[in-house]
Amino acid sequence: MEFKKNILCIGAGYVGGPTMAVIAMKCPEYKVNVVDINNEKIKQWNSDQLPIFEPGLDEVVQKCRGKNLFFSTEIEKGIREADIIFVSVNTPTKTFGEGTGMASDLQYWEKTAHQIVEHANGDKTIVEKSTLPVRTAEAMERILKANDKGFHFEVVSNPEFLAEGTAIRDLLDSDRVLVGSHKTERGMAAAREIVNIYKHWLSDDKIITTNLWSSELSKLVANAFLAQRISSINSISALCEKTDADITEISYAVGADSRIGNKFLNPSVGFGGSCFKKDILNLVYIARSYHLNEVADYWHQVIKMNDFQKDRFVRQIVKEMFSTVANKKIVLFGFAFKANTGDTRESPAIDITKKLLEERAQVIITDPQALDNARMDLKNYDGLVTYEPNPYRAAESADAIAIITEWNEYKLLDYQKIYAAMKKPAFIFDGRNILNHEELYKIGFNVYPLGKTQLSHFK
Ligand code: NAD
Ligand code: UGA
C-alpha cells in the first residue's frame, strides 16, 4: 500500500510506543515506524508480550501492527524513509560532569541528531517528543544545520503529557496537544504538518501552537506544577497528624474551590515516576544557570518536601513498632510508582526499602506488575529482600504491612484472613489512604493512615 506520509519515531519506550500506536490507529494513511537500539525491546513490541504494561495498549497495537505500525532496529533505513521524525529517547538526569544530579543528560538526543544528519536523504521535520531543557532545539538545529548535503531540517517541539497507567486514554482524549515552532514560513509549515496528525482525532481547540521555547518550557512547568500540588498536600498531611485534622477532608474542602480544583490532591508516600524529579531538577538547574536563585530554590523545595515525606513514612514505621524493626517482617504492598503500571522508576518504594533494610528489617515485596523491575532495582540487595506475587502469602507471619502503591486489588483483599496469618501486634501503614481504616482497626490491626488520626490499640 502507498502511504501518504512516513513517520519515524526514534525510541520505543513508555512514550514512543503508545504514542505512535495511537497515531497509527488514528491515521491509517500514514506509515509509522518505531525504532530503538534495544533489540530485546523491539522483539517484545513485535510479540504478544509488550515491553510495558499499559491498559488498552495491547488492543491498539494489535489493530495496527504489521499494517501501518512497524517496530524495528533499522534506524538508518527508518531515517531515510521518513518525512517526519519524532525523537522520543530518554533524557535522564546527568550522573557525571557539569550539572551532575541536576541537568538533563542529552547524549542520547545528540546522538540521534547526528544519526539523522548522517543518514538523511532529503528535507525532514524533526519533532522533539522527549522532555528537554528550554532552548534545546537551538543546539539541535546547530547539529542538524552542520551538514554538507544541503538538506533542511526543521525542528518542532511537541512534548508529551500522557501519564503512565492511563496513557491510551490520555492520548485519545488529551486535554491539549502542544506544538511549538519557529514563526518562520518553514517553521509554521512544519507545525501544520504535526497539527494535521492530531487533527485526525482532536478538535482544533485542543491543539495549542506556540513558539518553540514556550513549548519546551511549558512541559517542564506542567510537571513542576503537578508535583508541587502533591508536595503541598503531603506537607499538610504531616501537619494533620499533629493536629487531628483529616487530610481527606482538607483535600475535599480545598479542592472544592473551582480556582484550585480537586485533582492531584491525594497524599502519598511521595511522588515517583521517571519524570517529576528529573524535570524539576532540570528546571532548578536552568533557573540557576540564569542566576535566578530564588526561582531555583522555590522549585527545589518541591523535591525536598518529597524526600521528607518518604523519610518520615519510614521513621513512623520504626517509631510505632517500638523503635525497632530489626528482624521484623515488613511487607510492601506495591512497588510500582503508581497503580496500573509495572514501572518502578523513581518509585518511593525503592528508597523506603533501602531505609528499612538499613534498619535491618526483613522486607517482603508484592506487586501485581512490578516484581521484575523491583528485582532489578534492588539487585544489590539480593538475599535481603523476598519477592512474592501473592499478597496473602507475602503477609504470612509478617509484623507489618505498608501500602506503597494504590492498586485497586489491595482494597479488595480479605484483611480478616490476612490479620489471622500475621504476627501480633499487627500493623498497617497506609501510605495511600486506600483502605477502610475503621474496619481494619476493628479486626485488630494498629492502623497508621497518612494525615489522619492513628487507630492504635496501645492507648
Ligand atoms: P524510555 O526509557 O522508556 O524510552 C526511551 C527509549 O529510547 C529506550 O527504549 C532507549 O533504548 C531508546 N534510545 C535511546 N537512545 C537511542 C538511540 N540513539 N536510537 C534509538 N533508540 C534510542 O523513556 P520514556 O519514558 O519513553 O521517555 C522518553 C522521553 O519522554 C523522556 O524525555 C521523558 O522525559 C519524556 N516523557 C515521558 C513520559 C512517561 O510517562 N514515561 C511522559 C511524558 C514525557
Ligand atoms: C506525570 C504527568 O502526570 C504527565 O502529565 C507527564 O506527561 C508525565 O509525568 C511525564 O512527563 O513523565 P506519571 O509520572 O506517569 O505522569 O504519573 P502521575 O499520575 O502524574 O503520577 C506521578 C506520581 O505522583 C505517582 O507516584 C503518583 O502516585 C503520585 N501522585 C499523583 C500522588 O502522590 N498524589 C496525587 O494526587 C497524584
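Predicted model: local features only at pLDDT ≥ 70, side-chain atom pairs only at ≥ 80, totals over all residues.
**Whole chain.** Display the complete protein as a cartoon. The secondary structure comprises 17 helices and 14 strands. The radius of gyration is 24 Å, close to the 23 Å given by the globule rule for 459 residues, so the protein is as compact as a globular protein of that length. Along the principal axes, the C-alpha trace spans about 80 × 50 × 45 Å. Of the 459 residues, 47% count as buried. Among contacts between residues at least 6 apart in sequence, 72% join residues at least 24 apart.

**Two domains.** Next, colour residues 5–202 and 217–459 separately; the domain assignment gives these as domain 1 and domain 2. Their C-alpha centres lie 33 Å apart. To the contact between them, domain 1 contributes 19 residues and domain 2 contributes 21 residues. On the side of domain 1 that touches domain 2, there are twelve nonpolar, five polar and two charged residues.

**Ligand 1.** Select ligand 1 together with its shell of 27 residues, in which the closest are Gly11, Gly13, Val15, Ser130 and Thr131. Helix H5 (residues 107–119) supplies the largest share of this shell, three residues. By class, the shell has eleven nonpolar, eleven polar and five charged residues.

**Ligand 2.** Move to ligand 2, which is surrounded by 21 residues. Asn266, Ser268, Phe271, Gly273 and Cys275 are the closest. Here the largest share, again three residues, comes from helix H9 (residues 212–243). The shell around ligand 2 has eleven nonpolar, seven polar and three charged residues. Why does ligand 2 lie between domain 1 and domain 2? Both domains give residues to its shell, so ligand 2 lies between them.

**The nonpolar cores.** Hide the ligands and show side chains. In soluble globular proteins, nonpolar side chains tend to be buried together. The largest nonpolar core in this model has 58 residues, and those with the most contacts inside it are Ile7, Leu8, Ala21, Ala24 and Ile85. Centre the view on Ala24: leaving aside neighbours within four places in sequence, Ala24 is in contact with Val32, Cys64, Asn68 and Leu69. A second, separate core of 46 residues includes Ala400, Trp407, Phe429 and Leu435.

**Helix H13 and its flanks.** Select residues 348–358, which form helix H13; Pro348, Ala349, Ile350, Ile352, Thr353 and Leu356 are buried there. These buried residues pack against helix H12 (293–320), strand S9 (329–333), strand S10 (362–366), helix H14 (371–377) and strand S11 (385–387).

**Backbone exceptions.** Most residues other than glycine have a negative phi, and most peptide bonds are trans. Select Glu346, in the loop between S9 and H13. Although Glu346 is not a glycine, its phi is positive, about 55°. Is Glu346 buried or exposed? Glu346 has 21 other C-beta atoms within 10 Å, and 20 or more make a residue buried, so Glu346 is buried.

For the cis peptide bond, go to Lys424 and Pro425, where omega is near -5°. Pro425 lies in the loop between helix H16 (415–421) and strand S13 (427–430).

Finally, select Arg360, the residue that follows H13, with a positive phi near 65°. Arg360 lies in the loop between H13 and S10. With 12 C-beta neighbours inside 10 Å, Arg360 counts as exposed.

Technical notes: Residues numbered from 1 in each chain as written. Chains lettered and ligands numbered in written order. Domains from an automatic or database assignment. Contact = placed C-beta atoms within 7 Å. Nonpolar A, V, L, I, M, F, W, Y, C, P; charged D, E, K, R; others polar. Near = placed C-beta within 6 Å. Helix = DSSP H or I, 4+ residues; strand = E, 2+ residues; numbered from the N terminus. Core = buried A, V, L, I, M, F, W, Y, C linked by C-beta atoms within 7 Å. Rg over C-alpha atoms; globule rule 2.2 N^0.38 Å.
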